[in-house]
Amino acid sequence: MAVGIGESVVRSIAAPIFGSLLEGGGRAFNQLGDTLQQKIYLASKQYDQSYIERHGILKVLGMREPVLLESIYTNVQFLDHEAVQGFESIEALERIYRQRNQRSFQRTALPAKHWGLEVANQQQYLMVLGGPGIGKSTFLRKIGLEALKGKQDEGFQHECIPVFIELKGFRSGRINLEETISEVFRIRGFPDPQRFTLTALERGKLLILLDGLDEVPSDRLNEVITTIQNFVDRYDKNRYIASCRLAAYRHNFRRFTDATIASFSNNQIQNFIYNWFSTEPERGRECWQKLMSEDYAAAKELTHTPLLLTLVCLLYQRAGQFPTNRATLYEKALRVLLEEWAGEKGIPQEIVYKGLDTKRKELMLSEIAYHAFKEDRLFLSKREIADQIEQVLKEMLPREQYIDGITVLKSIEIQHGILVERAEGIYSFSHLTFQEFLTAQHIVGDRHRVEDLVAHYLTDSRWREVFLLLAGLQRADELLLQMESLAKNYIQSPNLKNLLNWAQQITSGSESDYKPAAKRAVALFLALDLTQSIAVDSARVQALDLDIDHVRELALEIDESLSLDRAIDIVLIRALNLEHAIDLAIAIARKFEELKIFQDVNFTLLIAKLHALKAKVPQYQESPSARRIFIEQINQTWLDAIKLRREWIRGLSRQEVSALDQYLSTNLLIVQCRKAAVRVSPRTWSLIENGLLQIEA
């Protein structure tokens, strides 16, 4: 993605504006003398190029090469400021979030879309708000680039020269915006920069971009705000766009319209990825497809902010895949927000208490995340979090006489954006992924917490990501052995034991090279498929609540070379077209014959018997009972062929099905934790894998 930074991407508006303003603004550019005209032209070109080099390229998060901002820029959307207002209670937030049945807390844009450029064209005075890494600075820089191009049909509609001012520069010294702007023009070689600056300001020919109000030191903030307000009042014909982190914005800029940047929608994420990989479109499509898969749901959650989406793209670009250890990705993302982003922007982090470093912040956040997650709470009150902060920091920083938890909370929200105020006085972690990762961090290394996790949450889908992250944060032998031990407790009834013993016996010593545990999983898949097929009554199927995809996925996770697609679903033989049902049953038999997973099963004979049944298919006009009897003949033919006794599956109670489902889902999680683990001894894993889906003798 290397770019030619020296190549101009704008058609300068600066030269004609400068020309019209010099000498009192009475003459156009082409009426000036040749020498002055040449000076203005060269200075304008230098101004354009300087803006591109300073504000039109990106090089963040350890990127090896810079990229043009416009090559990856994705249009942003704004929320109505009223849409950011809160809910009446924590309970209301919890209820709304859970009703949505999705991972992300993020707000997407309103149905009435407010595109960024559209808002910038409409509002003369605009305050851009949002969390860390949401794209505030990038938006200001992009509007500046659009202004340099001059008026275009779909571009910036005002003839203004953009001046980008980083407010963090006012950390010391005298604050004088006129001098700051004049110095920008002087450095670029413009004639008489002071007079030009005042003339341009008085005639409203500047677009002044004030970036990072939250980056001004707190002891100078009031002075900077007063200076800006007075400046805007004095030169009110110009256009202004300022930016500030939402958590730090507690001011009333009288003339400014507040607009909050919305988190990226799926379409914006896709566009960003495709732009990023524009020279490698196939890799871009692969990246997007993986993010959309269930396996990367937690990773995709992070990509709703441009900063962390950039991190994801960088990692994928370097390796051609996401980190196999998911904890690596989330730890990197957390580290970016805790320290790297402020460092890259050159913003010294204000220290609330001596000794409250990044590691202590992380430990403190981990404890808050763990207790909230254990109580199944996503939203917490400000006072509740502040009390937890004070309690933790009293232990971490015993020399501090007085610790104000609310001050620390506000500092973390403003500087890092990991805790976010969702409504007045109600907070949550910015991403559920961060809460899960921090929860896992609090558990890791504590034997009692690990035992509690396995004992109480092994089959709770809400904790699945925590298990996977925990495996990726430590040597996972003990965790996996505890999970395996508990999983065996689900197989207690004679029917379930008989079913597992059958799967072992029918696959043991078979011809294929698939892993033995994968063979047993395939056998169980077939048995459960037949269970559904035999339960012809739909109410009975619903009551059993069988999910054969669990065991299908388990087979594929154990042995990735296995081919087990959704087409081999015997339950489909309940179709109205019984002749088609027979054809399907025959095709499934042929597929299993190819897999060579079963030992001593004569699939040739099975296929011959199914062909014989095909000649006896009841006609459509025959009675329903005749059709049911025929379906039973198909099922029995299968049962006889694979030596599976009907009573083992026909008599399964709802409790047995539930226990089997928990057993299979736990085994699936064990295999997935193994893949996510940073380290597992070969001996431990061999012991676990060999025992999967087996009853101990």
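Me: How many bridges join strand 6 to strand 7, and do these strands run parallel or antiparallel?

Reply: This is a predicted model, in which local features need pLDDT of at least 70 and side-chain atom pairs count only at pLDDT 80 or more, whereas totals for chains, interfaces and linings use all residues. Residues are numbered from 1 along each chain as its sequence is written, and side-chain values use heavy atoms, with hydrogens and water left out. Strand 6 and strand 7 are joined by four bridges and run parallel. Two strands pair if DSSP finds at least two bridges between them, so the four bridges meet that condition. In this pairing, Leu 207 stands opposite Arg 239 of strand 7.

Me: What makes a run of residues count as a helix or a strand?

Reply: Both are DSSP runs numbered from the N terminus: helices are H or I over at least four residues, strands are E over at least two. The chain has 31 helices and eleven strands.

Me: What is the order of the six strands in the open sheet?

Reply: The order is 3-8-4-7-6-5, and the pairing is mixed. Strand 3 (78-79) and strand 5 (161-166) each have a single partner strand, so one side of each lacks a neighbour in the sheet and both stand at the edges.

Me: How do you know in which sense strand 3 and strand 8 pair?

Reply: Strand 3 and strand 8 pair in the antiparallel sense, over two bridges; Phe 78 has Ile 261 of strand 8 as its bridge partner. Other pairs run parallel: strand 4 and strand 8 are joined by four bridges, with Leu 129 partnered by Thr 260. Six bridges connect strand 4 (residues 125-130) and strand 7 (residues 239-245), also parallel, and there Val 128 is partnered by Ser 243. Strand 5 and strand 6 run parallel over six bridges, with Leu 206 as the bridge partner of Ile 161.

Me: What makes strand 6 largely enclosed by the rest of the structure?

Reply: Six of its six residues are buried, so strand 6 is largely enclosed. Buried means under 20% relative accessible area, exposed over 50%, and partly exposed in between, with a 1.4 Å probe and protein chains only. Leu 206, Ile 208 and Leu 210 are buried on one side of strand 6, and Leu 207, Leu 209 and Asp 211 on the other, which leaves both faces covered. For the chain as a whole, 55% of the 697 residues count as buried.

Me: Is Lys 497 buried or partly exposed?

Reply: Lys 497, in helix 22 (residues 494-507), has a relative accessible area of 32% and is therefore partly exposed. Apart from neighbours within four places in sequence, Lys 497 is in contact (heavy atoms within 4.5 Å) with Ile 491, Gln 492 and Ile 695.

Me: At what angle do helix 16 and helix 17 pack, and how far apart are their axes?

Reply: Helix 16 (residues 382-396) and helix 17 (residues 405-415) pack at about 105 degrees, with their axes 8 Å apart. Helix 16 is therefore roughly perpendicular to helix 17: that class covers 65 to 115 degrees, while angles under 35 count as roughly parallel, over 145 as roughly antiparallel and the rest as oblique. Axes are lines fitted to C-alpha atoms, for helices over the stretch in contact, and angles run from 0 to 180 degrees between N-to-C directions. Residues of helix 16 including Ile 385, Ile 389 and Leu 393 meet Gly 405, Ile 406, Val 408 and Leu 409 in helix 17.

Me: What does helix 17 lie across?

Reply: Helix 17 lies across strand 10 and strand 11, at about 95 degrees to strand 10. These strands belong to an open antiparallel sheet of three strands in the order 9-11-10. Strand 10 and strand 11 (residues 426-429) pair over four bridges, with Tyr 427 of strand 11 as the bridge partner of Glu 421.

Me: How many disulfides does the structure hold?

Reply: The structure holds zero. Cys 287 is in none, and the nearest cysteine sulfur, that of Cys 313, is 5.1 Å away.

Methods. A disulfide is a pair of cysteine sulfur atoms within 2.5 Å.
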